[in-house]
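These are my notebook entries on one structure, written down in the order in which I looked things up.

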Amino acid sequence: PMTPMRKAIVPTAQRQAATWRYRLEKPADDWFRPDFDDSGWQQGPSGFGTEGTPGATVRTKWDSGDIWLRRSITLPDCKKEQLVLLVHHDEDVEVYLNGALAAKAEGFTTDYEELGISADALKAIEPGKPVLVAVHCKQTRGGQYIDLGLAVVAEP
């Protein structure tokens with residue numbers, strides 16, 4: 001059988017740095033909502049973590065217990081049902097799209113992995129319109145890193 005083709009539409013830090021707003025101290029409970037005011041948050045280029053973490057492209061040092069990230073993107077014209085998240089996380093991560101929980105993963109990876117996007121998050125986004133991406137990553141031990149992008153997966 002032929003394997004599905006994956007086309008990155010929002011690049012990861014491996015290919016291109018993206019500017020994210022981030023915070024290392026717990027924000028208000030509604031931090032993942034599109035209308036949340038993150039103007040007081042720091043800004044930095046992706047990926048976030050510590051040097052020496054396997055597979056990581058670190059551009060902004062993150063060496064505390066938690067990090068919260070926010071970034072607005074505009075999806076190109078695509079079938080949103082074919083979207084997947086490309087996530088490299090060390091360790092536990094949760095991703096929101098326009099305020100809806102899109103995906104969660106525990107543990108760590110040493111490279112980017114595809115995470116499917118929840119039905120609720122797919123309903124909350126529309127190609128051609130702004131999408132607020134919000135991420136929380138929790139560090140417990142060892143190396144640490146967080147970065148993500150988006151791809152379209154289609155049959156060849």
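With which residues is Leu85 in contact, leaving aside its neighbours within four places in sequence? I find Val95, Ala102, Ala103, Glu113, Glu114, Leu115, Ile117, Leu148, Gly149 and Leu150, where contact means heavy atoms within 4.5 Å. Before going on I note that this is a predicted model, in which local features need pLDDT of at least 70 and side-chain atom pairs count only at pLDDT 80 or more, while totals for chains, interfaces and linings use all residues. Residues are numbered from 1 along each chain as its sequence is written, and side-chain values use heavy atoms, with hydrogens and water left out.

A nonpolar core is a set of buried Ala, Val, Leu, Ile, Met, Phe, Trp, Tyr and Cys residues joined through side-chain atoms within 4.5 Å; buried means under 20% relative accessible area, exposed over 50% and partly exposed in between, with a 1.4 Å probe and protein chains only.

Strands (E, at least two residues) and helices (H or I, at least four) are DSSP runs numbered from the N terminus, and two strands pair if DSSP finds at least two bridges between them.

I read the order of its six strands as β3-β2-β6-β11-β8-β9, with antiparallel pairing. The edge strands, each pairing on one side only, are β3 (42-45) and β9 (100-105). Four bridges join β2 (residues 19-23) to β3, and Trp20 has Gly44 as its bridge partner in β3.

Entry 5, aromatic rings. How many aromatic pairs does a search of the whole structure find? It finds five, a pair being rings of Phe, Tyr and Trp (its six-membered ring) with centres within 6.5 Å, stacked if the planes are under 30 degrees apart, edge-to-face if over 60 and tilted for the rest. Trp31 and Tyr96 have ring centres 5.6 Å apart and planes at 85 degrees, so I record the pair as edge-to-face. The pair links distant parts of the chain, since Trp31 lies in the loop between β2 and β3 and Tyr96 in strand β8 (residues 92-97), 65 residues apart. Both Trp31 and Tyr96 are buried, and ring pairs link Trp31, Phe32 and Tyr96 into a cluster.

I count one helix and 12 strands. Of the 156 residues, 49% count as buried. Along its principal axes, the C-alpha trace spans about 40 × 35 × 25 Å. Among contacts between residues at least 6 apart in sequence, 76% join residues at least 24 apart.
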